[in-house]
Protein chains: 2
Amino acid sequence: MTKQERATRTRQALIRSAAVVFEQHGYAQARLTLISSGAGVSTGALHFHFENKAAVAEAVVAEASRGLRDMSAAIRRRTDTALQALVDTSHALVELLRGDPVSRAGFRLSCDGERAAAPDPRMEWHHRVRELLDEAAAAGTLADDIAREDAAAATVAVTAGFEVLGRHDTEWLSPYRLTGFWQLLLPRLAAAKTLPLLDPAGTGAVASARAPAPAVSAVGEAEETAALTAEPT
Amino acid sequence: MTKQERATRTRQALIRSAAVVFEQHGYAQARLTLISSGAGVSTGALHFHFENKAAVAEAVVAEASRGLRDMSAAIRRRTDTALQALVDTSHALVELLRGDPVSRAGFRLSCDGERAAAPDPRMEWHHRVRELLDEAAAAGTLADDIAREDAAAATVAVTAGFEVLGRHDTEWLSPYRLTGFWQLLLPRLAAAKTLPLLDPAGTGAVASARAPAPAVSAVGEAEETAALTAEPT
């Protein structure tokens with residue numbers, strides 16, 4: 001492994017550990033020593049990568065946005081219609097919120113008013129939903145009388161609602177909840193000829209867009225020491 | 001004013017002040033001295049009414065639930081159909097989230113995982129939405145192929161989403177956002193003969209169900225002193 005690869009792994013381990021700590025303790029109460037020990041590195045290593053807690057949080061938010069963007073692009077390449085891509089992307093997003101602490105913390109940090117970060121995953125999601133609806137309208141697969149911004153806002157609000165309700169009761173993040181929403185909305189949203197082609201439960205594109213699990217959870221001390229002595233030059 | 005009336009006013013002022021302080025500082029960081037001074041009373045007066053911070057928060061949550069329940073019942077009495085009552089109640093709820101700190105803090109406390117209170121306003125709302133949909137189904141005003149629990153979950157999730165997104169950007173709590181949602185959903189939800197009778201923007205029942213503004217904001221020191229010396233017997 002090169003020095004660069006080690007540094008990247010350490011940075012990813014710190015982002016993941018920070019996400020877990022932010023989720024457990026909240027941003028205000030999160031301590032940097034907990035974040036570094038959760039990543040299996042020293043606080044010195046943390047400070048090599050991040051100036052302060054705000055910088056770690058910004059990295060978590062940016063990583064959540066990046067994950068959402070990559071996942072959404074991969075799904076669009078694998079689906080026939082923009083509306084199915086919208087359904088599949090929403091299912092993949094809810095799956096991320098269920099299983100990926102970085103996505104969960106990224107969305108929560110961007111909503112709880114604790115800090116305003118540039119690449120907000122909620123705005124990323126809103127933008128993507130609107131893009132897919134515009135694409136569907138251009139392709140004639142959207143029903144004629146749909147106000148696209150209303151449909152985008154409803155989709156964004158429903159997923160935000162599932163996320164916030166899912167903090168207490170994970171049933172809100174079950175696939176069947178979202179499937180129920182699309183069963184309700186798709187007959188209104190889709191053009192008559194397109195509706196029979198759509199699967200409200202999502203297609204295989206959701207599964208194949210799953211990002212491989214990050215290879216990092218804790219970085220060995222030996223590697224970290226090497227990275228620390230080598231990187232700052 | 002009787003002693004009982006004074007005590008009630010002080011309690012309401014403390015609940016309102018606590019809601020504002022929880023909103024500004026978060027539950028974990030909220031200090032009791034800020035809550036009592038915001039109500040214009042001493043910390044002794046606060047401790048006469050509430051054992052600790054958790055008890056104040058529970059009172060905020062209970063008050064938000066009560067407000068929602070009373071508002072919803074008043075609206076149902078003034079609307080013809082259960083579906084219009086559902087639309088009107090959702091508009092009144094978003095109006096409460098926009099303008100009433102107690103409702104806002106009650107919903108936020110019940111969702112942020114900081115404490116679990118018995119009379120949760122979110123569960124209250126979910127229950128009420130489901131009741132109105134059941135009533136609509138019984139009256140034949142709901143479309144035949146609607147899964148009521150899906151429709152209830154979508155409505156609850158959308159309003160939860162508007163609330164959480166509205167923390168950063170109050171435009172999400174604008175009436176037109178919710179009107180857009182109902183314009184999208186009602187043609188799917190309502191029986192064909194009922195749809196023309198429904199107003200997605202809400203009817204006059206919303207306005208007439210507005211609770212009068214609480215008469216309390218700060219209680220005069222003289223009254224408070226009287227209450228303090230008189231109540232603990």
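A residue counts as buried when its relative accessible area is under 20%. This tour passes through a predicted model, and that term returns at several stops.

**Helix 1 of chain B.** Begin by selecting residues 3–25 of chain B, which form helix 1. At 1.5 Å a residue, its 23 residues should span 33 Å, and the end C-alpha atoms lie 32 Å apart, which agrees. Next, colour the buried residues of this helix, among them Arg6(B), Ala7(B), Thr10(B), Leu14(B), Val21(B) and Phe22(B). An α-helix has 3.6 residues a turn, so residues three or four places apart point the same way. Just after the helix, select Gly26(B), where phi is positive at about 80°.

**Aromatic pairs.** Over all chains, the count of aromatic pairs comes to six. In chain A, select Phe22(A) and Tyr27(A): the ring centres are 5.4 Å apart and the planes meet at 50°, so this pair is tilted. Are these two residues buried or exposed? Both Phe22(A) and Tyr27(A) are buried.

Move to Phe162(B) and Trp172(B), a tilted pair with 6.1 Å from centre to centre and 35° between the planes. Phe162(B) belongs to helix 8 and Trp172(B) to the loop between helix 8 and helix 9, so the pair ties together parts that are ten residues apart in sequence. Both Phe162(B) and Trp172(B) are buried. Finally, select Arg177(B): its charged end sits over the ring of Trp172(B), at 4.3 Å from the centre of that ring.

How values were computed:
Residues are numbered from 1 along each chain as its sequence is written. Chains are lettered from A and ligands numbered from 1 in the order in which they are written. This is a predicted model: local features need pLDDT of at least 70, side-chain atom pairs count only at pLDDT 80 or more; totals for chains, interfaces and linings use all residues. Side-chain values use heavy atoms; hydrogens and water are left out. Rings of Phe, Tyr and Trp (its six-membered ring) pair if their centres lie within 6.5 Å; planes under 30 degrees apart count as stacked, over 60 as edge-to-face and the rest as tilted. Buried means under 20% relative accessible area, exposed over 50%, partly exposed in between (1.4 Å probe, protein chains only). Helices (H or I, at least four residues) and strands (E, at least two) are DSSP runs, numbered from the N terminus. A charge sits over a ring if NZ of Lys or CZ of Arg is within 6 Å of the ring centre and within 35 degrees of the ring normal. The expected span of a helix is 1.5 Å times one less than its number of residues.
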